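This briefing sets out the architecture, packing and side-chain pairing of one protein chain. The topics are grouped for reading alongside the structure.

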Amino acid sequence: ILFPAAGLIADGVPCTFNHPNTGAQAGTARTADLVESSNLTSIELVNRAECCNERLSNYRVEVLDGAQSSVWSGDLRTDGSNSGLAGIDTITSGMGAGDFSGRYLRITNLSNGDYNPQIAEVRAFGALVPEPTGAALLALSGGLFLRRRQRRTS
């Protein structure tokens, strides 16, 4: 059960926030859908502005592909530090390992702290992964057709 609603981490209003109810355990996670696969340049996590800044600490950020498999992962603030009231953690590819391109972002609590992770906003920056053009798809399908034909005549 979440309080408030999960959609508040991507509503564009940094004074709203999301957190799990009390008693959250390590492993509690939030997943944000970027709608399309993106080549990311950075991710920003905005901390609460009015209190409880310690509740965005000791967490993992993952970039997931369209099948929601992890392709990049980084553990952040594992020393118990935090970005402060309304602080922003800016995450870049060098802060973890893997491919910094995907469709989903997952933020996971690595501590046993109640109400963690608390997030005011998640922001992702980058460019959409280009889709193949019609000409590229035609060329690809033609190549597959030729290979099939060659197999049948061999």
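A salt bridge is a side-chain nitrogen of Lys or Arg within 4 Å of a carboxyl oxygen of Asp or Glu. By that criterion Arg48 and Glu50 are joined through their side chains, with an N to O distance of 2.1 Å. The model is predicted. A search of the whole structure finds six salt bridges and one aromatic pair.

**Overall architecture**

- The protein chain contains nine strands and one helix.
- Read from the N terminus, the order of elements is β-β-β-β-β-β-β-β-β-α.
- Of the 154 residues in the protein chain, 34% are buried.
- Among contacts in the protein chain with a separation of 6 or more, 74% join residues 24 or more positions apart.
- The accessible surface of the protein chain is about 8400 Å², and carbon and sulfur atoms account for 55% of that surface.

**Nonpolar core**

- The largest nonpolar core comprises 15 residues.
- Ile43, Leu45, Tyr59, Val61, Val63, Ile91 and Ile107 have the most contacts inside this core.
- At least two residues of the core come from each of strand E3 (29–46), strand E4 (59–64), E5 and E8.
- Setting aside residues up to four places away in sequence, Tyr59 touches Leu45, Gly74, Asp75, Leu76, Arg77, Asp89, Ile91, Ile107, Thr108 and Leu110.

**Aromatic pair**

- Because Trp72 belongs to strand E5 (residues 70–76) and Phe100 to the loop between strand E7 (97–98) and strand E8 (101–109), the pair ties together parts that are 28 residues apart in sequence.
- Both Trp72 and Phe100 are buried.

**Salt bridges**

- Side chains of opposite charge can pair when their charged atoms come close.
- In the pair of Arg48 and Glu50, Arg48 is buried at a relative accessible area of 8%, whereas Glu50 is partly exposed at 46%.
- A salt bridge also joins Asp75 to Arg60, whose closest N and O atoms are 2.6 Å apart.
- Asp75 in strand E5 and Arg60 in strand E4 are 15 residues apart, and their pair links distant parts of the chain.
- Asp75 is partly exposed at 39% relative accessibility, and Arg60 is partly exposed at 27%.
- Glu62 and Arg106 form a further salt bridge, with 3.6 Å between the closest N and O atoms.
- Since Glu62 lies in strand E4 and Arg106 in strand E8, this pair ties together parts 44 residues apart in sequence.
- Glu62 counts as buried at 13% relative accessibility, while Arg106 counts as partly exposed at 21%.

**Asn109 and its surroundings**

- Asn109 is located in strand E8 and is buried at 1% relative accessibility.
- A polar atom of the Asn109 side chain lies 2.8 Å from the backbone nitrogen of Ser111.
- Not counting residues up to four places away in sequence, Asn109 touches Gln25, Ala26, Gly27, Thr28, Asn58, Asn116 and Pro117.

- Gly87 is situated in the loop between E5 and strand E6 (88–91), and its 8% relative accessibility places it among buried residues.
- Beyond its neighbours within four places in sequence, Gly87 contacts Leu45, Val46 and Asn47.
- The C-alpha atoms of Gly87 and Arg48 are 7.6 Å apart, although these residues are 39 residues apart in sequence.
- Arg123 is part of strand E9 (residues 121–128) and is partly exposed, with a relative accessible area of 28%.
- Arg123 and Leu105, 18 residues apart along the chain, have C-alpha atoms separated by 9.8 Å.

**Positive phi angles**

- Most residues other than glycine have a negative phi.
- Cys52 has a positive phi, near 60°; Cys52 sits in the loop between E3 and E4 and is buried at 16% relative accessibility.
- Gln68 has a positive phi, near 65°; Gln68 belongs to the loop between E4 and E5 and is partly exposed at 38% relative accessibility.

Terms used:
Residues are numbered from 1 along each chain as its sequence is written. This is a predicted model: local features need pLDDT of at least 70, side-chain atom pairs count only at pLDDT 80 or more; totals for chains, interfaces and linings use all residues. Side-chain values use heavy atoms; hydrogens and water are left out. Rings of Phe, Tyr and Trp (its six-membered ring) pair if their centres lie within 6.5 Å; planes under 30 degrees apart count as stacked, over 60 as edge-to-face and the rest as tilted. Helices (H or I, at least four residues) and strands (E, at least two) are DSSP runs, numbered from the N terminus. Buried means under 20% relative accessible area, exposed over 50%, partly exposed in between (1.4 Å probe, protein chains only). A nonpolar core is a set of buried Ala, Val, Leu, Ile, Met, Phe, Trp, Tyr and Cys residues joined through side-chain atoms within 4.5 Å. Contact means heavy atoms within 4.5 Å. Accessible areas come from the Shrake-Rupley method with a 1.4 Å probe; for residues, only the protein chains shown count as cover. A polar contact is a pair of N or O atoms within 3.5 Å; within protein, one must be able to donate a hydrogen and the other to accept it, and residues adjacent in sequence count only if both atoms are side-chain atoms.
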